[in-house]
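Please keep the sequence and the structure in view while reading.

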Amino acid sequence: MLRIHFTDGDLARLHLAREPDPVWETLLGLHQLTAPRRGLPVFAPWRRAARARLAEDHLAGPVRMLSALAPASAGYWPDFLTPGASADGLEAALEALHATPGPQLHQEMNRLAGTHPLPRWAHGLARGERDRMEEVATAFRLVHRTIITPDWTGTDRTTEADRALRTRVLRDHGVHGLLDSFRPLMDWRPPVLHVRYPEDRDLHLGGRGVRLIPSHFCWNTPIALADPALPQVLAYPVAHPPAWAPAVTRERRPEALATLLGRTRARVLTALETTATTGELARRLNISASSASEHITALREVDLAHSHRAGTQVIHTLTPLGTALLRGELPPHAPAV
């Protein structure tokens, strides 16, 4: 059991991550691939696709590197792998990775060495060799690009659903209601949050607050940092709806969407699962910019797409209704008026 002790200042500084954390999702997603006992059925389609992409891109080396530093079978991995800067994206996290203080790097790598034998290159990393840290950063980029980025929309969708739920509870019932909403995963007994955890320890926040990170690939128990002196985070598993199986969903619906919308417009809808400008969409689908613009306008007029101007660009993406239609998750009957 992990007991997290809150002060009034901590309650005021508690906040939810605004989007999936790329570093946590990369490491936890890797665990879903490399730990047989964590091979959960809900991730089966994703696992098959991710393993195929890793094999196609010959990324066994980067996978071994990250797995040696954050093994799925061990209860510890170094905190420097999940810096607080990851809240601002992968590149910000990797900059923080390079800036890890030498004493922290040495201490955490020594602790890791006490859990399982480390490869020779890891000892160079522990000594602060810059080339080794660059190799770790490159491994993060490659593995994230290959196993996480292709299904980022699905990851964002499951975590956003949880975030929407927590935000609604916070609005209606305040911080105490938010913390209480995590039962049975966590038990809020003010001023202590009791978290189901593989080890027994107490964590005193001391007014620093905590960032709650809903995680797509976290499973069964939340995960906190090992060092209580660092700015604190708590990654926790989100619910996965039975329909979550992005690879399967995309394979079985294209004909139905084409019948409903027309083939090209269905392709535009599918392509907008990731944001794009009109020009990017035209190039992606090999159609003219005027045709892409026409289809986007039609989708926008029925609230399936949204356009947002950012500087000189107009960026298009799906609305929640467009995502629901693409995923086949619309209710079978319209609500009575």
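Asp303 lies in the loop between α14 (289-301) and β10 (305-310). In this predicted model, the phi angle of Asp303 is near 65°, a positive value in a residue other than glycine. Asp303 has a relative accessibility of 45% and therefore counts as partly exposed, since that class covers values between 20% and 50%.

His58 also has a positive phi, near 55°, and is likewise a residue other than glycine. His58 is found in the loop between α3 (44-56) and α4 (60-69). With a relative accessible area of 69%, His58 is exposed.

## Cis peptide bonds

Arg183 and Pro184 are joined by a cis peptide bond, with omega at about 0°. Pro184 belongs to the loop that runs between α9 (152-180) and β3 (186-189).

Another cis peptide bond leads from Pro190 to Pro191, and its omega is near 5°. Pro191 is placed in the loop between β3 and β4 (192-195).

In soluble globular proteins, nonpolar side chains tend to be buried together. The largest nonpolar core of this model comprises 73 residues, and Phe6, Leu81 and Met109 are those with the most contacts inside it. Helix α8 (residues 130-148) gives the most to this core, contributing eight residues. Apart from this core lies another one, of 17 residues, including Leu272, Ala282, Leu299 and Leu304.

Which residues does Leu81 touch, not counting residues up to four places away in sequence? The contacts of Leu81 on that basis are Val23, Leu27, Leu69, Ala70, Leu97, Val136 and Phe140.

## Aromatic pairs around Phe43

A pair of aromatic rings is described by the distance of the centres and the angle of the planes. Seven aromatic pairs are found in a search of the whole structure. One of the pairs is formed by Phe43 and Phe217, with 5.2 Å from centre to centre and 35° between the planes, a tilted arrangement. This pair links distant parts of the chain, 174 residues apart: Phe43 lies in the loop between α2 (22-34) and α3, and Phe217 in the loop between β6 (210-215) and β7 (223-224). Both Phe43 and Phe217 are buried.

Phe43 also pairs with Trp219: the ring centres are 5.6 Å apart and the planes meet at 75°, so the pair is edge-to-face. Because Phe43 lies in the loop between α2 and α3 and Trp219 in the loop between β6 and β7, the pair ties together parts that are 176 residues apart in sequence. The relative accessibility of Phe43 is 0%, so Phe43 counts as buried, whereas Trp219 is partly exposed, with a relative accessible area of 37%. Ring pairs link Phe43, Trp46, Phe217 and Trp219 into a cluster.

## Salt bridges between Arg3, Asp200 and other residues

How many salt bridges does a search of the whole structure find? The search finds 14 salt bridges. In one of them, the side chains of Asp200 and Arg3 meet at 2.9 Å, N to O. Asp200 lies in the loop between β4 and β5 (201-204) and Arg3 in strand β1 (residues 2-5), so this pair ties together parts that are 197 residues apart in sequence. Asp200 is exposed, with a relative accessible area of 56%, while Arg3, at 18% relative accessibility, counts as buried.

Arg201 forms a salt bridge with Glu199, and the closest N and O atoms are 3.1 Å apart. Arg201 is buried, with a relative accessible area of 14%, whereas Glu199 counts as partly exposed at 36% relative accessibility.

## Charged residues of helix α8

Arg132 and Glu135 both lie in helix α8, three residues apart, which is about one turn of the helix. Their side chains meet in a salt bridge of 3.1 Å, N to O. Arg132 counts as partly exposed at 27% relative accessibility, and Glu135 counts as partly exposed at 32%.

Key: Residues numbered from 1 in each chain as written. Predicted model: local features only at pLDDT ≥ 70, side-chain atom pairs only at ≥ 80, totals over all residues. Heavy atoms only, no water. Helix = DSSP H or I, 4+ residues; strand = E, 2+ residues; numbered from the N terminus. Buried < 20%, exposed > 50% of the residue type's maximum accessible area, 1.4 Å probe, protein only. Core = buried A, V, L, I, M, F, W, Y, C linked by side-chain atoms within 4.5 Å. Contact = heavy atoms within 4.5 Å. Phe/Tyr/Trp six-rings, centres within 6.5 Å; stacked < 30°, edge-to-face > 60°. Salt bridge = Lys/Arg side-chain N within 4 Å of Asp/Glu carboxyl O.
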